[in-house]
Amino acid sequence: MSSLFGYHGKILRADLSKPEFTIFREEESVLRKYVGGATLGAKYLYDEVPPGVAWSDPANRIILASGPLGGTSVMGSGTFCAVTKGAKTNGATSTQSNGYLGAYMRFSGFDAVIIQGKAKHLSYLYIHDGTAELRDARHLAGKDTWEIDSLIKQEVGLPGPQASVYSIGIAGENMVKYACLMGDHGHAAAANGIGAVFGSKNLKAAIVARGKNRVPVFDNEKLSATSKAMYEMVQDPAYWWSQADKYGTLWIMGRNALIGRTPFKNYQTADCPMTKEQLDTFSPQYLREKLPMVSRHVCWGCRLHHLNLIKITEGPLAGKEGEEPEYEGYAALGTGVGIYDGITATALCNEVDGLGIDHLEIGYVLSMVMEMYEKGLLTKKDTDGIDMTWGNVEAVRAMFNKIARREGIGNILAEGTMEAAKHFGKKALELAVYSKNGNTLRQHDHRVAWTYILDLCTSGTGQSEANVAAVTSVLGLKDPSPFDPEQIGTHVAKIKGASPLVDSLGVCRFPNPEVPEKLAEMVKAATGWNDFTRDEGMKVGLRSVLLMRAFNIRHGYDASVEGPSPRYGSTPDSGPAKGHGIIPVWDAVLDSYYKAMKWDRKTGKPTPEALRDAGLPELIPDLWPDSK
Amino acid sequence: MSVKVTIPIYLGHYTDGIFEVDVQGSTVGEILHNIGKRFPRLGDVLFPHDGRLDEFIYIKLNERVLTTADNPLTSQVRDGDKISIIFPIGGG
């Protein structure tokens, strides 16, 4: 192992039940095949969590994995990927987060951490100096995800940037099915209730000391040069992410709201209901002028001006430090619930972050309740006396606090949009916006972007699997005809693998978008694998997709439910998709996609050929026991 | 000068489903303002504030993307040039 580059080759296993901490060495052949992050995590999940183990079972695993670029000179290389069996779908989950933790994990000597078992009482995991310990966190119960950062750092004597903390809020403690993990002041690993899985293990937080182990890099000069070339590409205005260099995702609302891509009133309209003045309150210029800036909020090694730390100006957190939300938060807790004021939405997003709840899912939960309230399907009797009128700020605030604590109606809504709709009945199921496999959709109106509907409804990660628009341009592909079922299916199949590849490297997609040629060059420079190609990289990403899907199928996933809810797949009566609905042609979309992916149309299982092509023949006996 | 302008598919609802138009003008600014006259709702999207081109819209003149530093509105055009309006969309 002395010649291993790009890795320490060491994985920490933390058994919370005993508690016991062991380290095992991973073979270079395994690292090359699965690389890191999402794909390495998927391999451990598949191997170690057998069918029959539920998300809340102590035998479930949480894998926090960096990758060969983590903690190197590559911009935004503090990213990690969390892989688990998630709470919302009770299926495979892959959710990444930026900040510092991924880099610090590597500086502590580990490429990944596997967490298993369940602590006797609320605890936190402290990783430092090549080992770990479990500490009592009972005094931290109920603390929000922002204040806990400094409290834990104070306890271990590592203030400020000397450590990275990721924690759950009260929603995770109460196992809200879409509770998330928050860290490094505002970053989130949010998908599929990773926070609830932490809660089920009595794990309030993980803190990783900065450490002094540097990652062995094969050719640092070449790695830095490739990273610089990638940054130059990111700044090219021909690509959408050039906007991120200056404003993160704040510029998106002003665009998407005008082209039917921002969800309004629970997908009841594709027309922007805001006045120009209201829309302007979500513009980066307005927000950065009105929200007092504390400092830039940068991730490990990154130069993008993605986010600021700010002073919150209203609500119960007024005067406290917070973070500029992303576009998705503004859509979920602003425009999506009829709150047409960016400053108010900023406050609400930060409150929800403190509770540790996924913005995306709670946005659809609240908009469903508001539409039902508007139509008289729910009354104040049902909502515990809360007037759930569109745009009622105090109602939104009261409701997300109830959800976090599972109080009253909050206990129903804590199960997620689809499950809550099932509870409310047929009319709720007709109007709720969800994917039938339980995956959480982003805060976009996908009726104008069918590729995203297909990706979400067939993803094995609990959320979207492909960053379709960005991947399309960098892979040199043309956008498919937007409402052509055949083209939609084949297009999504072509790009699968690109986004999971980035999530397998320990880097952020903003400074390192899905450009497989450049990513492969970086992997080469970091590891010395001089024959690592673009195609091998794409195959690594595809392995993540297949492992997650195979895991889900072994665990009872019913592929026959794959599809959008009636409202999610409905036909808009305005906007660019006016008159076009995906549901009437959904079977044709799936036909095309399954064929291109080489998945069995009846069962949804990847065929033996698909598994062999991806270099995963060992999965064939599990999925096709009668196959020779 | 007659220039062919391509309008992104996402803005088609502002142009009655028209994605390519021939427009007269001698600069990019003139061309875009003339498009705005023909399709007023598209004009509002292109020029939301005091006649300034929206900061997040890019213009491609033939094969070259014009950045802010190029002062895109004052760029001269020639007969037969092609202009594409680039309207970045984010996330998904």
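Author: In chain A, 6 strands form an open sheet of mixed pairing, in the order 8-7-12-9-10-11. Strands here are DSSP runs of E with at least two residues, helices are runs of H or I with at least four, and both are numbered from the N terminus. The model is predicted, with local features needing pLDDT of at least 70 and side-chain atom pairs pLDDT 80 or more, while totals for chains, interfaces and linings use all residues. Residues are numbered from 1 along each chain as its sequence is written, and chains are lettered from A and ligands numbered from 1 in the order in which they are written.

Reader: What makes strand 8 and strand 11 of chain A edge strands?

Author: Strand 8 (131–136) and strand 11 (187–189) of chain A each pair on one side only. On average, neighbouring strands of this sheet are turned by 20° against each other, direction ignored.

Reader: How do you know that strand 9 and strand 12 of chain A pair?

Author: Pairing requires at least two bridges found by DSSP between the strands. Strand 9 (residues 163–167) and strand 12 (residues 203–209) of chain A are joined by 5 bridges, so they count as paired. These two strands run antiparallel, and A:Ser164 stands opposite A:Val208 in strand 12. Helix 4 (residues 147–156) of chain A lies across strand 7 (123–128), strand 9 and strand 12, at about 130° to strand 9.

Reader: Which pairings does strand 1 of chain B make?

Author: Strand 1 (residues 2–6) pairs in the antiparallel sense with strand 2 (residues 20–24) of chain B, over 5 bridges. With strand 5 (residues 82–86) of chain B, strand 1 pairs in the parallel sense over 3 bridges. B:Val5 has B:Val21 as its bridge partner in strand 2 and stands opposite B:Ile83 in strand 5. The covered face of strand 1 holds B:Val3 and B:Val5, and the uncovered face B:Ser2, B:Lys4 and B:Thr6. Side chains in a regular strand alternate between the two faces of the sheet.

Reader: Why are helix 23 and helix 24 of chain A called roughly perpendicular?

Author: Helix 23 (residues 516–527) and helix 24 (residues 534–554) of chain A pack at an angle of about 95°, with their axes 8 Å apart. Axes are lines fitted to C-alpha atoms, for helices over the stretch in contact, and angles run from 0 to 180 degrees between N-to-C directions. Under 35 degrees counts as roughly parallel, over 145 as roughly antiparallel, 65 to 115 as roughly perpendicular and the rest as oblique. The two helices are therefore roughly perpendicular to each other. A:Pro516, A:Glu517, A:Leu519, A:Ala520 and A:Val523 in helix 23 meet A:Arg534, A:Gly537 and A:Met538 in helix 24.

Reader: What makes A:Asn401 buried, partly exposed or exposed?

Author: A residue is buried with 20 or more other C-beta atoms within 10 Å of its own, exposed with 12 or fewer, and partly exposed in between, with C-beta atoms placed from the backbone. A:Asn401 has 18, so this residue is partly exposed. A:Asn401 lies in helix 15 (residues 393–405) of chain A.

Reader: Which residues of chain A are joined by a cis peptide bond?

Author: A:Lys18 and A:Pro19 are joined by one, with omega about -25°. A:Pro19 is in the loop between strand 1 (10–15) and strand 2 (20–25) of chain A.

Reader: How many residues of each chain are in contact with the other?

Author: Contact means that the C-beta atoms of two residues, placed from the backbone, lie within 7 Å. By that criterion 27 residues of chain A are in contact with 17 residues of chain B. Helix 9 (252–256), helix 12 (327–333) and helix 20 (468–474) of chain A each give two or more residues to the side that touches chain B. Helix 9 gives the most, with 4 residues.
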